[in-house]
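Hi everyone, thanks for making time.

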Amino acid sequence: MADIQTPLPYEEDEIDIKELFNTVKKSKRFLMLFTFSVTVIVLIIALSMPNVYQSKSVLMPQEQDTNKMAGLAGLAGLAGVDMGSQMGNELSAKSSYEMVLNDYDFMRNFIIKYELFDYANRDNFVFTFDFRALYNLFHPEEALYSTLNAIEKEERIYDQIQLFRKIIIIDEDSDTGTITLAMQHANRVYAKEIIDYFISYSSQFLRKQDTLNLNKQLDFYEKKLAKTNDITLKTQIAGLMSGLIQEQVFSESTDYFKVRLLLPPKVAYIKDKLSPKRSLIIVAGFITALILGIFIIFFREFIKEEKTLEEESVE
């Protein structure tokens, strides 16, 4: 009978929790010093961050008379004009304001009109314990727009446009249908002013474009009216034109394009900050420093053991 071979012993890697704890314990001074140092740095950074505030305005879209528009579309059909595509493609109030926000030429004219070339005044920035020295150190004041050359001026305008696109937020409540137009900025006064300017200027622009489109339609129907001799058709076209004129008058009679103002923007209360969450930042920094410190201890121990093994193998 063949001899039964005994399996060769093998080494099994096991994680010794006690040994790991002892490794950390041996370097506890390093761990404490490292965690404390990183936490202090995070604390200083958190204190040097200015408060960010939000100013917002709540708008209610004006409801369109769908029955009236359907009647106008029917009359237009009898006149040989298709209004179905115009009705279907009409932008909502939210989409209209988003469209101008993303339009470069509009935003460029907006910045030029209100002279928003230079960044917001830092005097209105709010810091915890007025800890602004470090912020000013790493964020030097930008040169005034008036001192820049032509190329630099265009770059400044471009930067401002990109900034506004990031910090101006347009949102719509699916339940109530209200539109919230908000801006987040460290200068709470500046945020309120920009919202005021944007609503006013965008409404003027959109109303002007809407008026131009209505006038084009009226000119078209006037030509059709002059060409036809059918009394019934003339009456129908006249009714269609009357509806468009009513729509134009209604649009011009409102303060804002397609919306009415429910809540105007206000300067946020000094304690009503949106961010930063300094306590959360400090806790996260402490935990991260602690974990990183433990990792460094284990890595140093690993390097030390590798060197010991190399020295033993050489001997």
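This is a predicted model: local features need pLDDT of at least 70, side-chain atom pairs count only at pLDDT 80 or more; totals for chains, interfaces and linings use all residues.

**A walk through the sheet, the helices and the pocket**

Strand 1 and strand 3 run antiparallel, and seven bridges join them. Now, what about strand 1 and strand 4? Strand 1, which covers residues 53-61, is joined to strand 4 by four bridges, and again the two run antiparallel. If you want to find that pairing on the screen, look for Leu 59, whose bridge partner in strand 4 is Leu 261. Another place to look is Pro 61, which has Val 259 as its partner in strand 4.

On to strand 2, residues 168-172. Five bridges tie strand 2 to strand 3, and these two are antiparallel as well. Asp 171, for example, has Thr 180 of strand 3 as its bridge partner. Strand 2 and strand 3 make a hairpin, with six residues between them. In the turn sits Gly 177, with a positive phi of about 80 degrees.

So in what order do the four strands come in the sheet? The order is 2-3-1-4, in an open sheet with antiparallel pairing. At the edges you have strand 2 and strand 4, the latter being residues 259-263, and each of these pairs on one side only. From one strand to the next, the twist averages 30 degrees.

Now for the helices on that sheet. Helix 5, residues 93-101, lies across strand 1, strand 2, strand 3 and strand 4, and runs at about 165 degrees to strand 2. Helix 9 packs on the sheet too: this helix, residues 188-227, touches strand 1, strand 2 and strand 3, and its direction makes about 140 degrees with that of strand 3.

Next, a pair of helices. Helix 6, residues 104-113, packs with helix 8 at an angle of about 105 degrees, and their axes are 10 Å apart. Helix 6 and helix 8 are therefore roughly perpendicular to each other. Which residues meet there? On the helix 6 side, they include Tyr 104, Met 107 and Phe 110, and on the helix 8 side, Ile 157, Tyr 158 and Phe 164 are among them. By class, the residues of this contact of helix 6 with helix 8 split into nine nonpolar, one polar and three charged.

Helix 8 also brings us to the pocket. The largest pocket has a volume of about 640 Å³. It is lined by 23 residues, and the closest to its centre are Tyr 119, Ala 120, Phe 125, Tyr 135 and His 185. Which helix supplies the largest share of that lining? Helix 8 does, with four residues. Helix 8 (150-167) and strand 3 (179-185) each give at least two residues to the lining. Sorted by class, the lining of the largest pocket has 13 nonpolar, five polar and five charged residues.

Last, two spots in the backbone. Where is the cis peptide bond? Ser 275 and Pro 276 are joined by one, with omega at about 0 degrees. Pro 276 is in the loop between strand 4 and helix 11, which spans 278-314. The other spot is Phe 129: although not a glycine, Phe 129 has a positive phi of about 60 degrees. You'll find Phe 129 in the loop between helix 6 and helix 7, residues 133-138.

Conventions
Residues are numbered from 1 along each chain as its sequence is written. Side-chain values use heavy atoms; hydrogens and water are left out. On a 1 Å grid over the protein atoms alone, a cavity is a set of points where a 1.4 Å probe fits but cannot get out, and a pocket is an open set with protein on both sides within 12 Å along at least five of seven lines; lining residues have an atom within 4 Å of a point. Grid points are joined across faces, edges and corners, and a volume is the space filled by probe spheres set on the points. Ala, Val, Leu, Ile, Met, Phe, Trp, Tyr, Cys and Pro count as nonpolar, Asp, Glu, Lys and Arg as charged, and the others, Gly among them, as polar. Two strands pair if DSSP finds at least two bridges between them. Axes are lines fitted to C-alpha atoms, for helices over the stretch in contact, and angles run from 0 to 180 degrees between N-to-C directions. Contact means heavy atoms within 4.5 Å. Angles under 35 degrees count as roughly parallel, over 145 as roughly antiparallel, 65 to 115 as roughly perpendicular and the rest as oblique.
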